[in-house]
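Keep the structure open while you read.

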Amino acid sequence: MPFKPGRNVNLYALTWRLPIIFWQFVFFVGPVLFMVAMSFFLVKNYRMTEAFEFVNWSRMLSRGYFWDSYWYTVIIASVSTVCAMCIAFPAAFALAFRASESTRRWAIFLLIIPFFTSYLVRTFSWFVILSESGVVNAMLATIGLGPYTMLNTNFGTLVGYMTLTLPLVVILQTVTMANIDKTLVEAARNLGCSAFRTIWQVIIPLSKTGLIIAAIFCFILSFGDFVAPFYLGGSQEPTLPILILDTTKSGQQWPRAAVVAIMMMLTLFAIAFIGIALAYRKPKGAK
Amino acid sequence: MSEPLVVFDKVEKKFGSFVAVKQLDFEIREGEFLAIMGPSGCGKTTTLRMLAGLEAPSVGEIRLQGQVMNNVAPHQRDTPLVWQSLALFPFLTARQNVEFGLKMRGVDAAERKERALRWLDKMGILEFADRNISTLSGGQKQRVALARSLVMEPQILLLDEPLSALDAHLVIRMQAVLTDLQRELGITFVYVTHSQSEAFAMADRVIIMGKGEIAQIGTPKDIYRAPANQFVAEFVGRNNILSGRVAALSADSARITTPSGDFTVPTNDVSLTEGHNASFVISADLVHISLAEPESGNRAFCRLISEEFVGSMVTLFLEDRHGQEFKVQMQERELSRFDLHSGDEIWLSWDTASAHVLNET
């Protein structure tokens with residue numbers, strides 16, 4: 001057989017790429033396309049039938065409860081992102097700038113440990129701490145306060161979101177800030193910038209890309225999370241994941257649930273797109 | 001004489017158990033161009049960082065205009081530094097970089113802009129004011145870094161090997177820019193470098209450091225012609241160093257016996273003792289060569305090992321039959337009269353006054 005290097009190289013490359021392309025199609029592109037198609041199906045007598053009708057879309061998007069749930073989810077995921085970014089920052093700052101190399105390595109290792117256990121289990125453990133007769137209220141009672149209701153509130157939902165996102169956000173922020181050229185921080189100090197002021201003037205601008213990516217992750221995880229709002233928030237106000245569950249349960253409305261899911265995906269696409277565009281935006285005066 | 005601008009009073013700096021610098025005792029005079037030179041790890045950068053407040057001395061005092069600076073935070077000092085890596089802020093334009101220090105000092109936007117543009121213009125890079133740092137060339141960045149420090153109108157400017165990242169031809173250009181600026185502004189420059197040519201070309205005084213200590217302080221000429229000790233003599237490079245024993249001592253000269261022969265040297269102020277060891281140096285450019293043996297005076301018979309050309313100057317590397325190395329520096333046109341090839345044997349000679357006895361340390 002004659003040797004054709006170009007052709008062989010292409011085949012070789014293709015062989016390696018094939019599994020990932022296959023994976024993407026079977027487990028991502030395929031299901032998404034099916035979900036889009038399904039959002040146009042009809043449900044008759046609790047059974048889904050193939051169709052191409054806009055009735056699910058018009059019904060869901062014209063309902064107040066959908067938009068209430070939509071904006072509630074957007075807002076609480078945003079609040080979660082702001083909280084996680086703010087709570088994580090001092091810890092990440094200390095790990096990146098004050099801790100030694102080995103302390104930082106240990107801290108990152110310890111921050112990975114929470115991912116060893118199921119998020120659901122970690123969420124349930126909050127019952128012991130946050131319930132009316134839980135640890136926090138017992139401690140507050142000794143100084144004559146409480147009891148406070150913390151479960152089945154927005155606060156409970158946020159505690160759940162923090163359980164999910166904080167370790168990841170601290171890791172991402174730490175790694176980003178540890179990679180900053182320390183000379184630039186010293187240069188700012190040398191030019192009259194106080195240690196505290198360097199955070200806004202130098203450190204945040206320098207770690208912008210990593211910080212935005214940490215925030216995007218936090219938003220995506222919170223926005224799509226079912227466990228925290230369901231168990232700790234008590235689905236007082238249903239978030240979109242809870243709405244999907246309710247919709248599928250009530251009368252097998254899979255097509256309407258698909259509409260909610262597509263709206264969620266579009267929102268996350270938009271957030272991720274805008275976030276990454278901001279993260280990698282060229283500084284002023286760059287070519 | 002006026003009060004020195006900066007005084008280092010028995011300053012020592014330790015990092016853990018590692019002593020970075022010790023017994024730093026020197027002063028910086030108002031308006032001088034001082035170079036601190038030494039091999040890497042000699043503590044020169046630590047010295048500069050202590051002056052900027054980025055490190056605190058472990059022992060001793062640093063005084064600026066009579067005021068003890070040990071515990072003054074870096075941002076409360078007026079000691080801008082030009083960094084080896086330049087440390088320009090990549091998220092800002094050239095003008096915003098220059099404005100940074102003024103902004104931190106609370107100067108209002110209009111004045112900031114005016115002063116930044118004036119300095120960018122002075123450095124010849126006004127057209128790049130609104131460009132991002134990443135789009136500028138090495139030389140242009142260098143000028144932005146200088147403008148960023150000088151716009152603060154400091155009394156003292158610190159420079160940490162600022163030219164080490166530049167191409168050779170740019171280094172020469174920037175040296176001229178720096179010396180002109182220093183003369184024009186009349187401010188004190190403290191310039192840290194490992195490059196002898198940079199230090200000698202620009203500085204009024206040079207501090208040579210080795211292993212965390214000051215080896216010598218003096219004018220470039222002092223250090224070149226009269227190194228204080230073996231370390232400086234070796235660091236300065238183009239020196240011939242001979243070691244031996246003091247055979248005879250008179251009022252102002254000594255006879256030193258070395259394996260390569262007996263030589264007469266002026267004693268200067270160095271105290272020598274008959275029978276003790278002594279070393280002396282002769283600058284490479286003060287050694288003469290001849291084919292015939294000189295009739296009298298200091299002389300050595302050597303074999304040529306190799307030659308090195310730098311422009312019109314040539315350095316000959318030679319060795320006598322006792323293994324003593326010699327270096328001779330001369331004009332290329334002067335050398336061409338001899339038609340030498342490696343392996344040829346010639347006579348070296350020098351005036352007694354050219355030799356300089358070292359303090360043994």
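Strand E1 (residues 6-15) of chain B and strand E2 (residues 18-28) of chain B pair in the antiparallel sense, over 7 bridges. Two strands count as paired if DSSP finds at least two bridges between them. Helices (H or I, at least four residues) and strands (E, at least two) are DSSP runs, numbered from the N terminus.

E1(B) and E2(B) form a hairpin with 2 residues between them. Gly16(B) sits in the turn, with a positive phi of about 65°. Phe15(B) has Phe18(B) in E2(B) as its bridge partner.

## How to read the model

This is a predicted model, in which local features need pLDDT of at least 70, side-chain atom pairs count only at pLDDT 80 or more, and totals for chains, interfaces and linings use all residues. Residues are numbered from 1 along each chain as its sequence is written, while chains are lettered from A and ligands numbered from 1 in the order in which they are written.

## Chain B as a whole

Chain B has 9 helices and 20 strands. Its C-alpha atoms fill a box of roughly 75 × 45 × 40 Å, taken along the principal axes.

Of the 361 residues in chain B, 39% are buried. A residue is buried if 20 or more other C-beta atoms lie within 10 Å of its own, exposed if 12 or fewer, and partly exposed in between; the C-beta atoms are placed from the backbone. Now take contacts in chain B between residues at least 6 apart in sequence: 64% of them join residues at least 24 apart. Two residues are in contact if their C-beta atoms, placed from the backbone, lie within 7 Å.

## Two open sheets in chain B

One open sheet has 6 strands, in the order E6-E7-E8-E3-E9-E10 (chain B), with mixed pairing. Strand E6 (81-82) and strand E10 (213-218) of chain B stand at the edges. Each has a single partner strand, so one side of each is left without a neighbour in the sheet. Strand E9 (residues 205-210) of chain B pairs with E10(B) in the antiparallel sense over 5 bridges. Here Ile208(B) stands opposite Gln216(B) in E10(B).

Another open sheet has 5 strands, in the order E13-E12-E11-E14-E20 (chain B), and its pairing is antiparallel. Its edges are strand E13 (261-266) and strand E20 (355-357) of chain B; each has a single partner strand, so one side of each lacks a neighbour in the sheet. The twist averages 45° from one strand to the next. Strand E14 (residues 277-283) of chain B is joined to E20(B) by 3 bridges, and the two run antiparallel. Ile282(B) has Ala355(B) in E20(B) as its bridge partner.

## A buried helix in chain B

How many of the 9 residues of helix H1 (residues 44-52) of chain B are buried? The count is 9 of the 9, so H1(B) is largely enclosed by the rest of the structure. Among them are Lys44(B), Arg49(B), Leu48(B) and Met50(B). Just after H1(B), Gly53(B) takes a positive phi of about 85°.

Two packed helices are described by the angle between their axes and the distance between the axes. Axes are lines fitted to C-alpha atoms, for helices over the stretch in contact, and angles run from 0 to 180 degrees between N-to-C directions. Angles under 35 degrees count as roughly parallel, over 145 as roughly antiparallel, 65 to 115 as roughly perpendicular and the rest as oblique. A crossing is left-handed if the near helix is turned anticlockwise from the far one by less than a right angle, and right-handed if clockwise.

Helix H4 (residues 101-112) of chain A and helix H7 (residues 154-178) of chain A have axes that come within 9 Å and cross at roughly 155°. H4(A) and H7(A) are therefore roughly antiparallel to each other. Their crossing is left-handed. H4(A) brings Arg104(A), Ile108(A) and Leu111(A) to the contact, and the residues from H7(A) include Val170(A) and Ile171(A).

The axes of helix H3 (residues 64-98) of chain A and H7(A) come within 7 Å and cross at roughly 40°. H3(A) and H7(A) are therefore oblique to each other. H3(A) passes H7(A) in a right-handed crossing.
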